[in-house]
Amino acid sequence: MEVHVDNHLDSETKEIQIQSEEKVNEVLPVKKENQTESVGKEIQIKCEENRNELELVKKECLSELGTEEIQIKSEDKDREIDPEEKENKSESVVKEDPFAYLDRDDFTSEKYKIEIRNLPKHYGIAEFKKLINVKLELNCSKVKTPNRNGKWLYMCFRSEEDKNSALSVLNGYNWKNTKLDASNAKAVPDPLVKKRNEQFDDCSEVKKIKLDNIGAEQQMISSVTPLYNISYEEQLIQKTNSIKNVLMDYSRRLKRIKCGQGILDWLKKQQNVNNGLPCELLEIQSLKNDSEKCVGYRNKCEFTIGMDVENKEPIVGFRVGAYNQGKTSVAPIDNILNVPQRMKNVVKCFQDLVRSSKVPVFDPENYTGHWRQLTVRLSLKTGQLMLICVVHTENMEDSAINSLKQLILNYFTEGAGIDCKVDSLYFQKAKKRAAGEGNSFPLELLHGQGYIIEEVKGLKLRISPESFFQINTAASEILFDAAKDLASINLQTTVLDVCCGSGTIGLSIAKDCAQVIGVEIQEEAVNMAKLNATENGITNAIFFAGKAEEVMNKREFQNPENANDVVAIVDPPRAGLHNKAILLLRRMTHLKRLVYMSCNPKGAMQNFLSLSMAESKTKQGAPFVPVKAVPVDMFPQTPHCELIVYFERLEN
C-alpha cells in the first residue's frame, strides 16, 4: 500500500507548494478571494469527518502491514539503504490486498456472486434474464458473461440472503432439458491493486522507477492520439488498409456461415472484380485539403479531474491509463493535437478553480473526494460553449453541495472564469450506481441556456448536454454527403433514419428527399430533433422515440407514403444495432437499399453478416449484400475511421 508522509515535507517541497498557492490566488479577482476561500473551507469542513474516517482505516491498514516504521524511515532520503533492505521496504510498502475492497461499506457486485455452469448448448442471455427475473423472480442485480454464449456465467446480488436464495433455486434446476449447476463464485481482485502488485513481481529495478509527469504526459499523448507523429497522408493510407482488412474479414466469415450458394456465387464474382474485396471500395474521404481542420477538431471532450503522477497535485486532463492497467493518474492536455485551443484554455481555468477550492478530487480506488469530471462542448462555428461539472456527491451534505454549486456559478459568472464566456453551465451529481439505475445522472442548469447552437450543412441545430453529435463537425458534412450519394436519394425517396439522435443526418438531407422518418431510443434526443426541424422550417420529417426493433413496427415505417423508393440510413452506437432491428429491416419487403454508417467497423461485423445471411425461418426477407463502401476520416491523429457501407437486396 502506498504510504504518504504528509506531515514531514522537505523544505523544497514546501517552497513549491507555497509558490503554487500564490499562483492560484493571483488567478482569482481580489474581491472574490475571500469568498472563494470561505466557501471552500465550508465544504472542506463538511467533508472533514469522512476524511478522518478514511485516515483511521489507513492507519489500521498500516498497522496490520507493519509499515509504520518504514514510513518514518522513508523521511531520511539521504540515508543509504543496502539492496536487500531496499527490496524488503518496497515489498512491504507496495504489496496490497487486492480483495480489501470487499471489506468496505460501499456496495460492490463482487460481494454476493454465484457461478452458473452446465448451461444449455443453445441459449440467449435475454432468455436467461427472463427466466431468473420473470419466472423465478430472483433479485439478481447483474448477469455477467465471460464470453458470448459461453459455457458459464456469473450472477450478482445485493445481499447474502438473495444470493443464498438463488443458489437453492438454481442448483439442479432443469432448463431446456439441462440441469443447471450453481455454486459460490470467487470475487475478482481489484484490477488497480493487482496491477500495482505485479509491478514488483519478477521485474528489474528499472521497471520499478516511478513515472514522472513528463513521462506520464507522453504516455497519455501516445494513447489518445497514437498517430500524432506521422504525416496525415500516411495516416490515410493506414486507415484505408485497416478498412480493407475489415471487408476481407467480412468475406472470410461470410463463407463460414450458412449463407447459401447464391451468396457464395455473388461473393466470388465480387472478389474477382474488386481485387479480393466483397464490394467496391471508394477513396477515403477526409479534410486533407484543409490541414488546419485536421487538428483541434473535437467539439466535445470529457476531462478527468484527478492527481498528477509526480507532485500529487489536482489536475484536469486525460487519464494516463485505464483503471485495470493499475493507473488512476491524470496528465495535462496542452499538447494533445485534436483538442481545440479554446477548450484547453477553459480546462486550465477550471483547474485553477479546483485547486483554489481546497475540495478534494475524486479517488476512483476508494470512492472518496468530490471533483470528478468536466465535460466541454464547443461549437467551432458559432463559438458557443457548454460546461458540465460532474461532482461525486456520495457522503456529501446538501449544504456542502449547494455551496459548491454556488462556488462554480460565481466563478464563471463573476470570477476569473467569466473570460471563458460560458453559454450553458450545468452541474451533475455522480455517485456509485445502485442496481437498476441508468448510465447517467440528472443534470441541473446553473447558468445560461440549456443548449448550444451548432451549424451543419446550412442548418442551425440545438445540442443539449446528452445529445449525440459527430465529434468532428467539419468532417461530419463530408460524412453526410457521402451517405447521401451512396443512397442515390432523390425527391421521390423516403428515408428511414434509424438511430437518428437529434436528427442531424435526416434533417441535413430532408430538402433532397420526399420524407424523413426517424427513430431514436432517447426521448430527449427525439424532442430535440423535432425542435430542430421546426426551427429550420423542415416539414417533411417526423421522429419517434423508442427502441428501433419496436418502433419500426409502426405503420409509418411499414407502409410509408412513398413505398416505391425507400432507403434506410443506419447510424447505431459503437456496439451496433440490436439483432431484432436487423431482422425487422430484412422483413420490410419495400426496403431495397440500406446505408450502414459505423464508427467501429469491427464491432459492426455481426450486423453486416446478419444482413447477408441466407433467408430462413428467423431471417425472413431476401439478404442484403454490400455494393460500395467508403471510409471517412472523422478522427485525424488516431487510428479510428468511420466506414459507410451501401447494401442492396440480393434478389433471386
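What percentage of the 652 residues of this protein count as buried? The answer is 47%. Keep in mind that you're looking at a predicted model.

**The whole protein**
- You'll find 20 helices and 23 strands here.
- Take the contacts with a separation of 6 or more: 68% of them come from residues 24 or more positions apart.

**Helix α16**
- This helix runs over residues 523-535, and its end C-alpha atoms sit 18 Å apart, which agrees with the 18 Å that 13 residues should span at 1.5 Å a residue.
- Its buried residues are Ala525, Val526, Met528, Ala529, Asn532 and Ala533.
- Looking down the axis of α16, you'd see those buried residues fall within an arc of 160°, so they line one face of the helix.
- Here's the background: an α-helix has 3.6 residues a turn, so residues three or four places apart point the same way.
- What do the buried residues of α16 pack against? They meet β16 (459-463), α15 (504-509), β18 (515-520) and β19 (541-545).
- Just after α16 comes Gly537, with a positive phi of about 70°.

**A serine to look at: Ser476**
- Ser476 belongs to helix α14, residues 473-487.
- Is Ser476 buried or exposed? Its relative accessibility is 0%, so Ser476 counts as buried.
- Leaving aside residues up to four places away in sequence, Ser476 touches Val456, Gln470 and Met634.

Definitions and conventions: Residues numbered from 1 in each chain as written. Predicted model: local features only at pLDDT ≥ 70, side-chain atom pairs only at ≥ 80, totals over all residues. Heavy atoms only, no water. Helix = DSSP H or I, 4+ residues; strand = E, 2+ residues; numbered from the N terminus. Buried < 20%, exposed > 50% of the residue type's maximum accessible area, 1.4 Å probe, protein only. Contact = heavy atoms within 4.5 Å. Expected span 1.5 Å × (residues − 1). Arc of directions from axis to C-beta.
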